[in-house]
Amino acid sequence: MSATAVHSLWTTAGEVTSAAPGDRFTAPTIEYAQLAPVLIVVGVAVLGVLVEAFVPRRHRYTTQVFLTVVALAASFAAVIGLAADGYATKSAHIAAMGAIAVDGPALFLQGTILLVSMVSVFTFAERRLDPASHGNRVDSFAAQAGSVPGSDGEKAAVKAGFTTTEVFPLVLFSVAGMLVFPAANDLLTLFVALEVFSLPLYLLCAVARRKRLMSQESAVKYFLLGSFSSAFLLFGIALLYGYAGTVSYAGIAAVVDGGVQDIDPALADTMGNDALLLIGGALVLMGLLFKVGAVPFHMWTPDVYQGAPTPVTGFMAAATKVAAFGALLRLLYVVLPGLTWDLRPVMWGVAIVTMVGGAVVAITQTDIKRLLAYSSIAHAGFILAGVIAASPEGISSVLFYLGVYSFVTVGAFAVVTLVRDAGGEATHLSKWAGLGRRSPLTAAVFAVFLLSFAGIPLTSGFSGKFAVFKAAADGGAAGLVVVGVISSAVAAFFYVRVIVLMFFSEPKADGPTVAVPSPLTMTTIAVGVAVTLVLGLAPQYFLDLASQAGVFVR
């Protein structure tokens, strides 16, 4: 740094300190009422940590479940209140000093995340599926997460009836990050939200009661690959700051559009440099595509889905996708609208390999959780077709698809928790042979979810696929729709194969049993079936709701 530059820094500092006291610092204005959905969840999450510290162990489970459900319900009520006050339409604006957008897409996605999280929490709280251990009911989570698998410490914790009730505050912290992620209006808020919802998920993946080594392995893989994606995202943010001189979405968009005349002298050499814009935008996109599980950033998905406790897998598969696609939409429609044509070939390529790769590789899977993981990758490709449409219909179709897909996913993983043998969940496909004869209701419900994934008419999956493919075709991406339809046909094969296996195969004498769940898991499955059928038979109201919520505030 030159002597002149150092001198100017000192004189600037001197001028600020000699200013009038009232000019030194402007207090931030925070619209607490408009941030209520996030603040409620964060507040109760902190309260949940205190419960772990001060409430007797035998009362923690009941207290945590009650607090978690109340927090999510209250936060959802706050979202409904904001929408009723017009913040989804005419009153949409930027809150918290430009950090958070309160608009239609943000409120729609937040509402979806909260409802999905609530039905997911019921599967977290389930305690009737495993046989009682030493007279104590047990759930899907390790007795003592910090103990080494198979050690004397773990055996003592199981014998004492310990449970890892910390999972409930962790879920709330993760949900809080997910609520901010699609509403973030600057790149630093986006990054902080990403870390806030990712770190609890890394921990949740590692605390399975059964198959603990596989669970811990999945958490390590998720953590390492997630760290790489966060690094790409952060590097992209740095490059975009060098390009625009700001991290706010509107500020970057203004520089992209060429509407900024006032150039910061410190950034005069880099501002407006298209190389920084393209590379930075690509790196930020890479970080978001990792979270949605798009090819080639999908390698973590099957291993993590298989190794994590199944309630965590269902929650992660549904809620994370909603939050990540929300952030991706806002980035492409608010920050980089001027780059639509530059990014279009790349996004086309990603969407095609994601649809085809997910559908083709799923055919080879022999584990039901891995099959659903590759299914989720294919669905990420279908949703990307709506994102690429670059139109209001594209936004509303993606919002609708995310709402549909998330409930079906949680319901499907809830059914997976019910099919059990001596080793816990029986996830190998061969174990599901003849399930329709052993437990017709369970198999029928799972078949409904599989038909919805396949996009069969009269299910919500068909309504969602039709909406995104129609938006893509209208947006000039007819070729993408053709690939999507072919991929859907390929995907339908392995969904139907599972249905045939359940209903038209002879059950084995030593096959698994179907556990009778408590009303908690029953509620999760019932909600999934209801959403699948209602949005399949009468989707119009919800399509209209998504289209009304489809305008981003800049």
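The largest pocket in this predicted model has a volume of about 650 Å³, and the second largest pocket has a volume of about 300 Å³. Because the model is predicted, local features need pLDDT of at least 70 and side-chain atom pairs count only at pLDDT 80 or more, while totals for chains, interfaces and linings use all residues. Residues are numbered from 1 along each chain as its sequence is written, and side-chain values use heavy atoms, with hydrogens and water left out.

**Pockets**

- A pocket is an open set of points on a 1 Å grid over the protein atoms alone, where a 1.4 Å probe fits, with protein on both sides within 12 Å along at least five of seven lines; lining residues have an atom within 4 Å of a point.
- Of the 27 residues that line the largest pocket, F76, F108, T112, F542 and L545 are the closest to its centre.
- Helix α4 provides the largest share of this lining, 6 residues.
- The lining of the largest pocket comprises 21 nonpolar, 6 polar and no charged residues.
- The second largest pocket is lined by 23 residues, and V38, I100, A176, V180 and T189 lie nearest its centre.
- Helix α6 gives the most to the lining of the second largest pocket, with 5 residues.

**Helix α6**

- The 14 residues of α6 (residues 167–180) should span 20 Å at 1.5 Å a residue, and the end C-alpha atoms are 20 Å apart, which agrees.
- The expected span is 1.5 Å times one less than the number of residues.
- Since 12 of the 14 residues of α6 are buried, the helix is largely enclosed by the rest of the structure.
- Buried means under 20% relative accessible area, exposed over 50%, and partly exposed in between (1.4 Å probe, protein chains only).
- The buried residues of α6 pack against elements including α2 (36–54), α3 (57–84) and α12 (310–335).

**Salt bridges**

- A salt bridge is a side-chain nitrogen of Lys or Arg within 4 Å of a carboxyl oxygen of Asp or Glu, and the count comes to 9 salt bridges.
- R437 forms a salt bridge with E506, with the closest N and O atoms 2.7 Å apart.
- R437 lies in helix α16 (residues 435–438) and E506 in the loop between α19 (478–504) and β5 (513–514), so the pair ties together parts that are 69 residues apart in sequence.
- R437 is partly exposed at 46% relative accessibility, whereas E506 is exposed at 58%.

Key
Helix = DSSP H or I, 4+ residues; strand = E, 2+ residues; numbered from the N terminus. Contact = heavy atoms within 4.5 Å. Points joined across faces, edges and corners; volume = space filled by probe spheres on them. Nonpolar A, V, L, I, M, F, W, Y, C, P; charged D, E, K, R; others polar.
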